[in-house]
Amino acid sequence: MMNMKGKTALVLGVANQRSIACSIAKALSSAGAELILSYANATLAKRVEPIAAELGAKLTIECDLGDDEAIQRLGAKIRKQYDSLDCIVHSVAYAPVEEMNKPFHHTSREGFGIALDISVYTLIAVLKELEDLLKPGSSVLTLSYYGAQKVVPNYGVMGVAKAALEAAVRYLAYSMGEQGVRVNAVSAGPLRTLSTAAISGIIDLQKQIAATSPLRRNIDHEEVAKSALYLLSDCSSGVSGEVIFVDAGMNIMAY
Ligand SMILES: NC(=O)c1ccc[n+]([C@@H]2O[C@H](COP(=O)([O-])OP(=O)(O)OC[C@H]3O[C@@H](n4cnc5c(N)ncnc54)[C@H](O)[C@@H]3O)[C@@H](O)[C@H]2O)c1
């Protein structure tokens, strides 16, 4: 296991035990990192606080990343206790459910804006706010999905948001690279979480992956967390702007 002792990680996007953010937080904590967990709203507190306690997180912060003032308050709360951050995990996405399960050309202007704002701009907004805490060697990670690159039925506007997110990773890697900060993404195969409950057809997709992917199986949460740990640790010190697939190899297949 990688050694993250002495490092502080801010993890955004913990909703419950099934959240990918939760698996990454667990892996970071097992490797010795100190955690700051952030969650979207007060309703989630009863799920997130026990996770924070279990992982010994020093700080938990409620923050709606769609609100610039809330992001400023997040920055202020972190600065009160910390001079620097070594890792930021952005495991956040949202599109109104009605936008996902309709023909893509019926996407509303409002739904398009919300999906891109929460799923992409929040990463930029957080890095803008926390820039001064990120020192050379710090690592930022976000979560993408193959629907960014190829059409996945029912993924709709979220596919376009993930394409923008992957492009944002490259532009952020360049703009933050000057101060020695790395920015990467993990593109994870489908996992059952709160977010994917809104996507119809995920069970069929997982069956297809089990039958046709190079590894002839689906991936699990821990496998995403292990690759995340690599990208967040010094083991990937020369890697920036990359999207690494953790998908049992599915993306290499033509059929
Ligand atoms: N589950 C999968 O199959 C899968 C595959 C590839 C990528 N991803 C990506 O992984 C990330 C995490 O998703 P997950 O599957 O763990 O589901 P999840 O629902 O557990 O996590 C999504 C998180 O986004 C947060 N969020 C939404 N709007 C927010 C806002 N305004 N402010 C702050 N937080 C907000 C939610 O509260 C939640 O914690 C997402 O980017 C998702 O697209 C998921």
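A residue counts as buried if 20 or more other C-beta atoms lie within 10 Å of its own, as exposed if 12 or fewer do, and as partly exposed in between, with the C-beta atoms placed from the backbone. By this rule, 43% of the 255 residues of the protein are buried. The model is a predicted one, in which local features need pLDDT of at least 70 and side-chain atom pairs count only at pLDDT 80 or more, while totals for chains, interfaces and linings use all residues. Residue numbers start from 1 along each chain as its sequence is written.

The protein has 8 helices and 7 strands; these are DSSP runs numbered from the N terminus, with at least four residues of H or I for a helix and at least two of E for a strand. Its radius of gyration is 17 Å, close to the 18 Å that the globule rule gives for 255 residues, so the protein is as compact as a globular protein of that length. That radius is taken over C-alpha atoms, and the rule is 2.2 Å times the number of residues to the power 0.38. Along the principal axes, the C-alpha atoms fill a box of roughly 50 × 40 × 40 Å. Two residues are in contact if their C-beta atoms, placed from the backbone, lie within 7 Å. Among contacts between residues at least 6 apart in sequence, 73% join residues at least 24 apart.

Next comes the interior. In soluble globular proteins, nonpolar side chains tend to be buried together. A nonpolar core here is a set of buried Ala, Val, Leu, Ile, Met, Phe, Trp, Tyr and Cys residues joined through C-beta atoms within 7 Å. The largest one has 73 residues, and Val11 and Ala228 have the most contacts inside it. Helix α6 (residues 156-177) gives this core its largest share, 8 residues. Leaving aside residues up to four places away in sequence, Val11 touches Ala21, Ile24, Ala25, Leu35, Leu37 and Val89.

Among the buried residues of α6 are Val157, Val160, Ala161, Leu165 and Leu172. The buried residues of α6 pack against α4 (97-100), α5 (109-130), β5, β6 (182-188) and β7 (243-246).

Strand β5 (residues 134-144) holds Leu141, which counts as buried because it has 27 C-beta neighbours inside 10 Å. Beyond residues up to four places away in sequence, Leu141 touches several others, including Val89, Ala185 and Ala228.

Strand β5 also has a part in the ligand site. Of the 25 residues around the ligand, Ala15, Ser19, Leu143, Thr193 and Ser195 come nearest. The elements that give two or more residues to this shell are α1 (20-30) and β5.

Two residues other than glycine have a positive phi: Arg216, near 55°, and Ala248, near 60°. Arg216 lies in the loop between α7 (202-212) and α8 (221-232) and is exposed, with 11 other C-beta atoms within 10 Å. Ala248 is in the segment after β7 and is partly exposed, with 19 other C-beta atoms within 10 Å.

Notes. Near = placed C-beta within 6 Å.
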